[in-house]
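I opened my notebook to look up a few things in this structure.

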Amino acid sequence: MTTFETLRLDGVTRRFAGADALAGLDLEIRRGEFIALLGPSGCGKSTALNCLAGLLPLSDGSIWRDGTRLDTLPPERRGFGMVFQNYALFPHMSVRKNVSFGLKMRGVARAEIRRRTDEAIRLVHLEEHAAKLPGQLSGGQQQRVAIARAVVVEPSLVLMDEPLSNLDAKLRLEMRTEIRRLHQNLGLTTVYVTHDQEEALSMADRLVVLRAGRVQQIGTPEEVHNRPANRHVADFLGFRNLLPGIAGGGSVKINNWQVSGTPVGAVAEGDPVVAAIRPEDVVLGGGSGIEVTVEVVEYHGREIAAEARTVDGLPLHLRTSERLAPGDKVAVAFPPERLLVFPA
Ligand SMILES: Nc1ncnc2c1ncn2[C@@H]1O[C@H](COP(=O)(O)OP(=O)(O)OP(=O)(O)O)[C@@H](O)[C@H]1O
Ligand SMILES: [Mg+2]
């Protein structure tokens, strides 16, 4: 097994027909880390992963494993394991054969192949299904075969491209924990692609947020969740209320109201800004004087999500345990530390 201390991406760029699908990605991955690449469809996540795997040549930049240049090596010489979104299992081979395939290709001795294949199948809880063909398994079981096949060769890096996107909600949650557990127990280094912010926040040690091929922010789940670097990251991380306003000294004027917020980035008095707050951070009641009328209510178990509108027509998303109904008029307030003010 090829191990490393750091894997470094240096200005990794990939162009298709002259347009940057990925532009100058700088990232240092430490051994044992779980990195999530997060962003909307088309932002360059798969491109980044495929560049790392060696399935796509770089247009610019380089990739280094400690002091060794990697981007000039073919995929099979990088020693990475890959889990594709569509599993890509061999349909005519049993689970056991699918899992052991990579070891056979590497010329590992038979007894060793048996031992490691059993171990990998056990890790993903597929002992009872080892003799079946992929077509005889559920989507979640096939996904686990794909994961076992990737980790059995003890890769120095595991790359996963939206591995849970075809699964139902319950199985997605279970597999999240399962993948995180495998990562920890096997001491893997993992790069995981997803467009699901919750998945990224719950699984990763660090997130790389991409937009239109460019890195917007790299940080821990807490950093990215609490302090998105710009309005695009905020938008993508659940700040559903993005209210246009004008910056005043330490406050924001949104239509007729003056509210206090926390500036993120360079904001000067008189600048157009966007004030961002999550629905669950909007407080009901309070003496702010902002009144809204509830228009639509969605049931979410303990809580409801409501879309409301201010007297001057600004839509506002709320989340609360209070039982609101369409037509209700309520006062709302924005805790200043939860209202982030970005340059527009
Ligand atoms: N083979 C290709 N030829 C031309 N353009 C491509 C090719 N592959 C990707 N692109 C373009 O590069 C950009 C990034 O694509 P990429 O597949 O990396 O996005 P993604 O973030 O993985 O999206 P998704 O979440 O939809 O899978 C897109 O604009 C896409 O159209
Ligand atoms: Mg993709």
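**Entry 1: Thr47 and its helix**

I looked up Thr47 and found it in helix H1. I noted how helices and strands are assigned: they are DSSP runs, H or I of at least four residues for helices and E of at least two for strands, numbered from the N terminus. The model is predicted, so local features need pLDDT of at least 70 and side-chain atom pairs count only at pLDDT 80 or more, while totals for chains, interfaces and linings use all residues. Residues are numbered from 1 along each chain as its sequence is written, chains are lettered from A and ligands numbered from 1 in the order in which they are written, and side-chain values use heavy atoms, leaving out hydrogens and water.

Is Thr47 buried or exposed? Thr47 is buried, because its relative accessible area is 11% and buried means under 20% (exposed is over 50%, partly exposed lies in between; 1.4 Å probe, protein chains only). I then listed what Thr47 touches, skipping residues up to four places away in sequence: Arg14, Phe16, Ala21, Leu22 and Leu56. Contact means heavy atoms within 4.5 Å.

**Entry 2: the four-stranded sheet**

I traced an open sheet of four strands, in the order E2-E1-E4-E5, with antiparallel pairing. Its edge strands are E2 (19-30) and E5 (68-69), and each pairs on one side only. Helix H1 (residues 45-53) packs on this sheet and touches E1, E2 and E4 (60-65). The direction of H1 makes about 120° with that of E1. For such angles, axes are lines fitted to C-alpha atoms, for helices over the stretch in contact, and the angles run from 0 to 180 degrees between N-to-C directions.

How many bridges join E1 to E2? I found eight between E2 and E1 (residues 6-16). Thr6 has Arg30 in E2 as its bridge partner. Two strands pair if DSSP finds at least two bridges between them.

**Entry 3: the six-stranded sheet**

I moved on to an open sheet of six strands, ordered E6-E7-E8-E3-E9-E10, with mixed pairing. E6 (80-83) and E10 (214-219) are the edge strands. The twist averages 15° from one strand to the next. Five bridges pair E9 (residues 206-211) with E10 in the antiparallel sense. Val209 has Gln217 in E10 as its bridge partner.

Two helices went into my notes here. H4 (residues 139-151) lies across E6 and E7 (157-161), at about 170° to E6. H5 (residues 169-185) lies across E3 (34-38), E7 and E8 (190-194), at about 140° to E3.

**Entry 4: two packed helices**

I checked H2 (residues 95-105) against H3 (residues 110-123): they pack at about 130°, with axes 9 Å apart. H2 and H3 are therefore oblique to each other. Angles under 35 degrees count as roughly parallel, over 145 as roughly antiparallel, 65 to 115 as roughly perpendicular, and the rest as oblique. Among the residues that meet are Val95, Val99 and Leu103 in H2, and Ile113, Ala120 and Ile121 in H3.

**Entry 5: Phe334**

Where is Phe334? I found Phe334 in the loop between E20 (329-333) and E21 (340-343). Phe334 counts as buried, because its relative accessibility is 10%. Leaving aside neighbours within four places in sequence, the contacts of Phe334 include Leu243, Val259, Ile277 and Leu316. Phe334 and Gly286 are 48 residues apart in sequence, and 9.0 Å apart in space, C-alpha to C-alpha.
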